[in-house]
Amino acid sequence: MIRHMATRPATVRDSGAGCLLGLAAGDQGSGAAYGHHTQMAMVVAYELLRHGEVTQVRFRQALARLTGGRSGRSRVRGTPLWLPGYLEREKSEGLGAGQHGGIDVATRAIPIGVWHRNDPAGLVADSIRAAGSTHSDRESAVVAAILAGTVAGISHGQHGRDLVSGALEVGLMAAARLETDESFEEDPTPLLDRLRSLMPMVGEDPATIIRAANAERDSLSAILAGVMIGAPLTREPFDAITAVASEHRRDIDAVVSALVGARVGLISWPSSIANDTWFAEVGRRLATGVAAVDDLPDLFEVEDRLSHGPPGGFR
């Protein structure tokens with residue numbers, strides 16, 4: 001497990017390639033390894049590199065492997081609140097519809113923003129499928145599309161209010177696509193209105209944005225807060241990570257760090273990240289369109305070793 005990658009300047013061709021590296025950095029908090037936000041985003045990344053799109057059936061199959069399936073040997077670190085209920089429904093009904101919200105419903109869409117950065121319709125479709133694999137509320141699907149749209153915008157050099165405005169447009173596209181889809185419930189309009197009302201606050205301090213977004217009470221609004229905090233273009237991009245860290249919100253840390261990673265590209269991070277070269281290579285393939293995973297480490301083996309350790313421990 002290599003922990004450090006060589007420093008090099010970011011280039012325009014990075015096109016968001018550092019998003020997974022950033023997500024893992026923000027997702028690990030003070031622990032030794034990243035958690036379920038990154039794990040599920042990597043499932044989506046592998047799906048995109050292997051098949052070019054996300055399907056609910058394959059995502060659910062991968063999730064079953066992550067959670068241990070019949071063996072009960074779960075690889076998921078930091079179990080999300082919705083997961084136990086989802087697994088119970090899987091057993092009884094054979095399909096999944098988790099509780100409303102859950103921030104990793106959106107963070108799993110981060111690699112979609114890089115892969116589909118030049119294809120808004122494909123971005124929206126895969127974001128909806130990724131969210132709908134476990135959740136049936138339109139708000140979760142729309143927020144997933146908003147976050148993917150934000151990553152796509154950063155990949156094209158957008159920032160500030162223009163970036164948030166573009167992400168809102170993607171959210172509106174997702175809401176329109178979902179309007180007649182009876183497999184989803186709830187009205188995403190209030191959430192879209194909230195993002196619209198937050199737009200003038202780009203550049204405000206994180207604490208003010210988190211309060212205004214109502215992120216203390218609503219996990220989906222934490223995504224909106226993260227988008228707002230990560231939107232400005234600053235002279236020192238890592239300052240956004242430092243600023244939000246004082247709020248002690250690992251969920252928002254993960255979002256902001258992923259957006260910073262998408263912006264700075266494949267450069268050395270100020271903190272150590274487990275499996276950083278793996279995240280860097282997968283991000284590079286998403287950005288360059290190299291649709292291949294056969295020569296990459298097996299995702300489930302990596303997670304099993306990190307969660308449980310190989311016989312005799314790590315070497």
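## Two helix pairs in a predicted model

In this predicted model, helix H3 (residues 56-66) packs with helix H16 (residues 299-308) at an angle of about 25 degrees, and their axes lie 10 Å apart. Angles under 35 degrees count as roughly parallel, so H3 and H16 are roughly parallel to each other. The crossing of these two helices, H3 and H16, is right-handed. By class, the residues of the contact between H3 and H16 comprise four nonpolar, no polar and two charged.

A second pair is formed by helix H12 (residues 219-230) and helix H14 (residues 250-264), which pack at an angle of about 40 degrees with axes 8 Å apart. H12 and H14 are therefore oblique to each other. Their crossing, that of H12 and H14, is right-handed. From H12, the residues Ala222, Ile223, Ala225, Gly226, Val227, Ile229 and Gly230 take part, and they meet Asp251, Ile252, Val255, Val256, Leu259 and Arg263 of H14. The contact of H12 with H14 contains nine nonpolar, two polar and two charged residues.

The packing values of the pairs are set out below.

| Helix pair | Angle | Axes apart |
|---|---|---|
| H3 and H16 | about 25 degrees | 10 Å |
| H12 and H14 | about 40 degrees | 8 Å |

Methods. Residues numbered from 1 in each chain as written. Predicted model: local features only at pLDDT ≥ 70, side-chain atom pairs only at ≥ 80, totals over all residues. Heavy atoms only, no water. Axes fitted to C-alpha atoms, helices over the stretch in contact; angles between N-to-C directions. Helix = DSSP H or I, 4+ residues; strand = E, 2+ residues; numbered from the N terminus. Parallel < 35°, antiparallel > 145°, perpendicular 65-115°, else oblique. Left-handed = near helix turned anticlockwise from the far one by under 90°. Contact = heavy atoms within 4.5 Å. Nonpolar A, V, L, I, M, F, W, Y, C, P; charged D, E, K, R; others polar.
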